[in-house]
Amino acid sequence: ARPEIALRQEGGFRTVFADRVFMRVWLLTALLVAVCYAQYHAAFPAFATDQGGLSAGDLGIVFAVNTFVVAGAQLVSLRAMAGRRRTRGLALVGAAVACGWGVALLAGGLGGGAGALAAFSLAMLLLALAETFVSPTLPPLVNDLAPDRLRGRYNGVSTLAWTTGFAAGPAVAGVAVAGHAEALFLGFIVCCGFIAAGALRLERRLPHAVNLVPPTSTLAAK
């Protein structure tokens with residue numbers, strides 16, 4: 001058995017933190033939250049209303065796009081991932097978030113108006129689509145990596161990755177407020193590249209059964 005699997009048979013938080021495969025998932029999660037979710041209410045609004053020229057009402061429309069896309073596409077993305085590898089879905093998340101920040105960066109140069117509103121809405125649409133592919137990938141991956149008696153601890157430590165990302169996000173977003181938004185958004189795009197590459201590298205370390213999203217028939221049965 002691989003060392004990571006043997007370690008998971010012991011127990012305690014020491015076992016959780018010693019699980020190198022899980023810690024790779026943890027780092028990818030924290031990075032994704034820091035450059036995506038945490039920026040919804042940090043860098044994105046500051047950039048869109050300052051350099052992007054959007055009004056508060058326009059910003060409300062952009063966030064409404066996010067809400068409707070997530071609500072409408074969640075089940076579609078779940079079915080699209082059925083029978084596929086979770087790491088491929090996570091790589092797709094990284095690519096979609098990178099595209100979203102790229103479009104937002106371009107939108108900031110349009111000088112406001114209807115064009116900027118449409119471009120920022122497209123950026124939020126891409127971020128929302130990425131968000132819908134997180135549900136069938138990261139949380140189930142953590143659950144399937146964990147042995148039964150340590151599942152609560154694995155999930156607890158996994159939650160810490162989300163809180164770490166949310167704590168780091170606003171601090172990083174201060175760069176945008178300081179007038180370096182372009183550099184910040186380019187940094188987000190580079191980080192998304194690391195997420196996609198890290199997900200594909202993780203694929204070689206995961207058992208096929210752990211990495212595979214159950215087929216649609218199995219999901220329906222549950």
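**View 1. Glu131, a buried side chain without a salt bridge.**
Glu131 is buried (under 20% relative accessible area; exposed is over 50%, partly exposed in between, with a 1.4 Å probe and protein chains only). For charge, Lys and Arg count as positive, Asp and Glu as negative, and His and the chain ends are not counted. This is a predicted model: local features need pLDDT of at least 70, side-chain atom pairs count only at pLDDT 80 or more, and totals for chains, interfaces and linings use all residues. Residues are numbered from 1 along each chain as its sequence is written, and side-chain values use heavy atoms, with hydrogens and water left out.

**View 2. The surroundings of Glu131.**
Glu131 sits in helix α7, residues 113-132. Helices (H or I, at least four residues) and strands (E, at least two) are DSSP runs, numbered from the N terminus. What does the side chain of Glu131 make a polar contact with? The partner is the side chain of Tyr40, at 3.2 Å. A polar contact is a pair of N or O atoms within 3.5 Å; within protein, one must be able to donate a hydrogen and the other to accept it, and residues adjacent in sequence count only if both atoms are side-chain atoms. Neighbours within four places in sequence are left aside for the next list. Glu131 is then in contact (heavy atoms within 4.5 Å) with Tyr37, Tyr40, Asn66 and Val70.

**View 3. The largest nonpolar core, with 66 residues.**
A nonpolar core is a set of buried Ala, Val, Leu, Ile, Met, Phe, Trp, Tyr and Cys residues joined through side-chain atoms within 4.5 Å. The residues with the most contacts inside this core are Phe22, Leu32, Phe44, Val97, Trp101, Phe120 and Phe185. Elements that give two or more residues to the core include α3 (20-35), α5 (56-81), α6 (86-107) and α9 (151-177). Helix α6 supplies the largest share, eleven residues.

**View 4. Trp101 and Phe185, an aromatic pair.**
Rings of Phe, Tyr and Trp (its six-membered ring) pair if their centres lie within 6.5 Å; planes under 30 degrees apart count as stacked, over 60 as edge-to-face and the rest as tilted. The count comes to eleven aromatic pairs. Trp101 and Phe185 form one that is edge-to-face, with 5.1 Å centre to centre and 85 degrees between the planes. The pair links distant parts of the chain: Trp101 is in helix α6, Phe185 in helix α10, and they are 84 residues apart. Trp101 is buried at a relative accessible area of 0%. Phe185 is buried too, also at 0%. Phe185 is in contact with Ala43, Phe47, Trp101, Ala104 and Leu105, leaving aside neighbours within four places in sequence. One aromatic cluster takes in Phe44, Phe47, Phe63, Trp101, Phe120, Phe185 and Phe188.

**View 5. Arg85, Arg88 and Glu203, a network of salt bridges.**
How many salt bridges does a search of the whole structure find? The search finds four. In one of them, the side chains of Arg85 and Glu203 meet at 2.7 Å, N to O. Arg85 lies in the loop between α5 and α6 and Glu203 in the loop between α10 and α11 (208-211), so the pair ties together parts that are 118 residues apart in sequence. Arg85 is partly exposed, at 33% relative accessibility. Glu203 counts as buried, at 16%. The side chain of Glu203 also meets that of Arg88 in a salt bridge (2.7 Å, N to O). Here the link runs from helix α6, which holds Arg88, to the loop of Glu203, 115 residues apart. Arg88 is partly exposed at 45%.

The closest N and O atoms of Arg86 and Asp144 are 2.7 Å apart. Is Arg86 buried or exposed? Arg86 is buried, with a relative accessible area of 4%. Asp144 is partly exposed, at 39% relative accessibility.
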